[in-house]
Amino acid sequence: MSLLESFARRIEDAEVLDPLADYSRSLAQDKFNDSSTLDDLLGGEWLGHRVHPVAVQVPMGAWLMAVLLDLVDGEKHAAAVDALLLTGCVAAVPTAITGAHDLATTTGAATRVAIVHAGTMDVTLALFSMAWVRHRRGNRRGARRLALAGVATAGVGAYLGGHLVYRLGVGVED
């Protein structure tokens with residue numbers, strides 16, 4: 001069993017997370033599932049499947065391209081790196097909203113994993129936001145370090161998101 005799989009399974013069993021998980025799920029249900037129109041929009045009725053996995057592609061792609069361009073030739077691509085960092089941060093907001101909607105449909109172990117996934121992705125957003133600020137201020141070395149930490153953190157968060165789907169069946173319609 002991989003280190004990440006072992007980590008995810010420990011989260012599944014961590015009943016200590018239940019008060020936070022229950023509160024988060026209840027809050028998400030109150031905010032996103034009361035209106036059938038909002039539920040259909042955020043849940044992906046119009047798309048034929050959940051919106052969150054699709055929405056994730058924009059911030060993750062923007063952040064990864066920012067890091068790649070910065071590593072290849074950051075000075076030459078500074079404006080593009082700035083734009084991509086900002087694009088990822090802005091796109092992360094509606095992505096998080098669609099994820100919160102999906103959280104409302106979870107129970108038990110899936111809710112535990114979902115809140116750790118959400119927290120990890122919140123840390124990712126914070127790291128990339130700080131990277132953007134540092135990059136704009138000309139501290140490219142500090143920005144690069146934050147962005148690389150953001151990629152690593154995002155990788156853990158993305159693993160947990162995939163774990164929700166492939167091991168726990170969240171978002172898989174019968």
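Buried means under 20% relative accessible area, exposed means over 50%, and partly exposed lies in between, for a 1.4 Å probe and protein chains only. Leu164 has 8% relative accessibility and therefore counts as buried. The model is predicted, so to speak of local features a pLDDT of at least 70 is needed, side-chain atom pairs count only at pLDDT 80 or more, and totals for chains, interfaces and linings use all residues. Residues are numbered from 1 along each chain as its sequence is written, and side-chain values use heavy atoms, with hydrogens and water left out.

Start with the helix around Leu164. Leu164 is found in helix α8. Helices are DSSP runs of H or I with at least four residues, strands are runs of E with at least two, and both are numbered from the N terminus. Helix α8 covers residues 140-166. It has 27 residues and reaches 38 Å from its first C-alpha to its last, close to the 39 Å expected at 1.5 Å a residue. The expected span is 1.5 Å times one less than the number of residues.

Among the buried residues of α8 are Gly142, Ala143, Gly150, Gly157, Gly161 and Leu164. What covers the buried residues of α8 includes α1 (3-13), α5 and α7. Leu164 itself touches Ala110, Val113, Ala114, His117, Gly169 and Val170, not counting residues up to four places away in sequence. Contact here means heavy atoms within 4.5 Å.

Ala126 lies in helix α7. At 35% relative accessibility, Ala126 counts as partly exposed. Helix α7 (residues 108-136) has 29 residues. Its first and last C-alpha atoms are 42 Å apart, close to the 42 Å expected at 1.5 Å a residue. After α7 comes Gly138, whose phi is positive, near 90 degrees.

Now turn to helix packing. Two packed helices are described by the angle between their axes and the distance between the axes. Axes are lines fitted to C-alpha atoms, for helices over the stretch in contact, and angles run from 0 to 180 degrees between N-to-C directions. Angles under 35 degrees count as roughly parallel, over 145 as roughly antiparallel, 65 to 115 as roughly perpendicular, and the rest as oblique.

Take α5 and α8 first. The axes of helix α5 (residues 57-73) and α8 come within 10 Å and cross at roughly 140 degrees. That makes α5 oblique to α8. The contact is made by Met60, Leu64, Val67, Asp70 and Leu71 of α5 and Arg140, Arg144, Ala147, Leu148, Val151, Ala154 and Ala158 of α8. These residues divide into 9 nonpolar, no polar and 3 charged. Ala, Val, Leu, Ile, Met, Phe, Trp, Tyr, Cys and Pro count as nonpolar, Asp, Glu, Lys and Arg as charged, and the others, Gly among them, as polar.

Helix α5 also packs on α6. Their axes come within 7 Å and cross at roughly 160 degrees. The two helices are therefore roughly antiparallel to each other. In α5, the contact residues include Pro59, Ala62, Trp63 and Ala66, and in α6 they include Leu84, Gly88, Ala91, Ala92 and Thr95. By class, the contact of α5 with α6 has 14 nonpolar, 3 polar and 1 charged residues.

Two residues show this contact at close range. Pro59 is in helix α5. With 4% relative accessibility, Pro59 counts as buried. Leaving aside neighbours within four places in sequence, Pro59 is in contact with Gly88, Ala91, Ala92 and Thr95. Ala92 lies in helix α6. Ala92 is buried too, with a relative accessible area of 10%. Outside four places in sequence, Ala92 is in contact with Pro59, Trp63 and Leu125. Pro59 and Leu125 are 66 residues apart in sequence but 9.2 Å apart in space, C-alpha to C-alpha.

Helix α6 (residues 78-103) has another partner, helix α2 (residues 18-32). Their axes come within 8 Å and cross at roughly 110 degrees. α2 and α6 are therefore roughly perpendicular to each other. Ser24, Arg25, Ala28 and Phe32 in α2 meet Ile97, Ala100, His101 and Leu103 in α6. This contact has 5 nonpolar, 2 polar and 1 charged residues.
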